[in-house]
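Biologist: I am new to this structure and would be grateful for a close look at a single part of it, the place where the chains meet. Please set out what is found there, and then relate it to the other features of the model.

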Protein chains: 2
Amino acid sequence: MKDLTTVYQHGTLAMLVAGLFEGTMPLSELLTHGDSGIGTADSLDGELVIVDGKAYQVRESGEVVEMTPDTKIPFASVHYDDVDAEQTHIENMNDRQLQERLIKDHNMFNVFYAIKITGTFSHMHTRVVPRQEKPYPKLTVATKVQPEFEQDQVHGTIVGYFMPYLFLGAAVGGIHWHFINDARDFGGHILDFQLASGDVSVQVLENLNQHLPVNNTPFRDAQMNLQQVGDEINEAEH
Amino acid sequence: MKDLTTVYQHGTLAMLVAGLFEGTMPLSELLTHGDSGIGTADSLDGELVIVDGKAYQVRESGEVVEMTPDTKIPFASVHYDDVDAEQTHIENMNDRQLQERLIKDHNMFNVFYAIKITGTFSHMHTRVVPRQEKPYPKLTVATKVQPEFEQDQVHGTIVGYFMPYLFLGAAVGGIHWHFINDARDFGGHILDFQLASGDVSVQVLENLNQHLPVNNTPFRDAQMNLQQVGDEINEAEH
Ligand SMILES: [Zn+2]
Ligand SMILES: [Zn+2]
């Protein structure tokens, strides 16, 4: 039976901050923990969006490819979409207004939430992290230049999470969401949007199942300065 | 089948810091996730030590009682003890020396570990958090005065965890361990000890399953200042 109350996360944001971009879990294994989610690929090769059990990789060229089961993932969060979740119809709202409304209406602050939005966006603006080569730099360096993409009048799906700020460092604090269009040829990490008309569903998740790559030597030996992690997350993610 | 790779945690340390001492999960439910662990009881009523599937509550009087299944728990971590884990025999070592050795030998830094020590302690020094009344104070106030207990030549068991500092706030960072003697009439949160002779086993845990009391209104409405959480944990736990 599908567990509709857990967000499963492999890897941590702090690992990316430390330059640990090597994939450490095959996609096929990740997908045994959920059919929806977001993340990145080995070597920070683009933005990952998982919808209906299919994993799409939006690459720095803007191209979208369906990922193969053996692709290794350094960092991703997944959950099982509750298809019976209540939907709210929303019209004419931008990303900031919608974030504010979701957080306030659901009193999200201290709890994990999955967010799914299907609709028509009069504007969608994304960015995609560029693939890195070994020896990997730190995240702040890797994310200094990131290709951005824009489309108007695009129909598609947003998948994302609200994570309490208590888990900042393990996860991204607050709302973090990715987009993929219906044609599966445009998407990425969301910078901003204007939703023309869409259905929003949110799913409260009681559990964060945080998995760590305990057999990965670079991770085991990494010296992570946690004071710095917070500062560098702010620099790289915002 | 028992999952030997997961530490399950109900509640967070940050909730205690904020004065959320109300029990939110029955012990019976907690024990479906492990047979070993540590925590506290409703209203911060003493120190919890779980060994071999039995949960002992060390109260501020020093008395030890076996907890009933319906007791509500605000914060606890549990796992299934791996009875086949390799054991290391240790003689004449104090708590600081043993902590240093365990962390270094196992390269614990970035990963979750369960630690179990069975042996004879030439000295064991514990403390017990005193039961609080509603309206609950903050943790720093509740822990200002805590009864301490000492015994020499005592045989018993230590149960505890190493948690990466990345999860400080959700959990206690570093090593946090509790003691219960064989006679089950002395124990508590460990301040210091001298181990005369004992067997130490450690268990690497790939997963932290963090469960939150999503239906508890005081938790949902709590405004947690996370900058302050770090400072107050240092004040209350050290
Ligand atoms: Zn992203
Ligand atoms: Zn303790």
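Modeller: Across the interface of chain B and chain A, 18 residue pairs are in polar contact, counting pairs in which both residues have pLDDT 80 or more. That cut-off applies because the model is a predicted one. Salt bridges between chain B and chain A, by contrast, number zero. The contact draws on 31 residues from chain B and 31 residues from chain A.

The size of an interface is often expressed as the accessible area lost when the parts come together. Here the area buried between chain B and chain A is about 2,600 Å², and carbon and sulfur atoms give 56% of it. On the side of chain B, N110(B), L166(B) and R220(B) supply 27% of the area buried against chain A, more than any other three residues.

The side of chain B that touches chain A may also be described by its elements. Those that give two or more residues to it are β10 (112-127), β13 (187-205), β14 (207-211) and α5 (217-221) of chain B. Of these, β14(B) gives the most, with five residues. By residue class, this side of chain B divides into 19 nonpolar, nine polar and three charged residues.

The zinc ion (ligand 2) is coordinated by H176(B) through NE2, H178(B) through NE2 and H189(B) through ND1, at 2.0 to 2.1 Å. Along the chain these donors follow the spacing H-x1-H-x10-H. Distant parts of the chain are linked in this way: H176(B) belongs to strand β12 (residues 174-181) of chain B and H189(B) to strand β13 of chain B, 13 residues apart. H176(B) is classed as buried because its relative accessible area is 15%. H189(B) likewise counts as buried, since its relative accessibility is 7%.

In chain B, a cis peptide bond joins K134(B) and P135(B), with omega about -5°. In chain A, K134(A) and P135(A) are joined by a cis peptide bond with omega of about -5°. The loop between β10 (112-127) and α4 (139-142) of chain A contains P135(A).

Positive phi angles occur at S43(B), about 65°, and at N92(A), about 50°, although neither residue is a glycine. S43(B) is in the loop between β3 (36-40) and β4 (47-51) of chain B, and it counts as buried because its relative accessibility is 3%. N92(A) is in strand β9 (residues 87-94) of chain A, and N92(A) counts as exposed because its relative accessibility is 56%.

Methods: Residues numbered from 1 in each chain as written. Chains lettered and ligands numbered in written order. Predicted model: local features only at pLDDT ≥ 70, side-chain atom pairs only at ≥ 80, totals over all residues. Heavy atoms only, no water. Contact = heavy atoms within 4.5 Å. Buried area = accessible area lost by both parts, 1.4 Å probe. Salt bridge = Lys/Arg side-chain N within 4 Å of Asp/Glu carboxyl O. Polar contact = N/O pair within 3.5 Å; in protein donor to acceptor, adjacent residues only side chain to side chain. Helix = DSSP H or I, 4+ residues; strand = E, 2+ residues; numbered from the N terminus. Nonpolar A, V, L, I, M, F, W, Y, C, P; charged D, E, K, R; others polar. Buried < 20%, exposed > 50% of the residue type's maximum accessible area, 1.4 Å probe, protein only. Donors = N, O, S within 2.8 Å, 3.2 Å for Na, K, Ca; no water.
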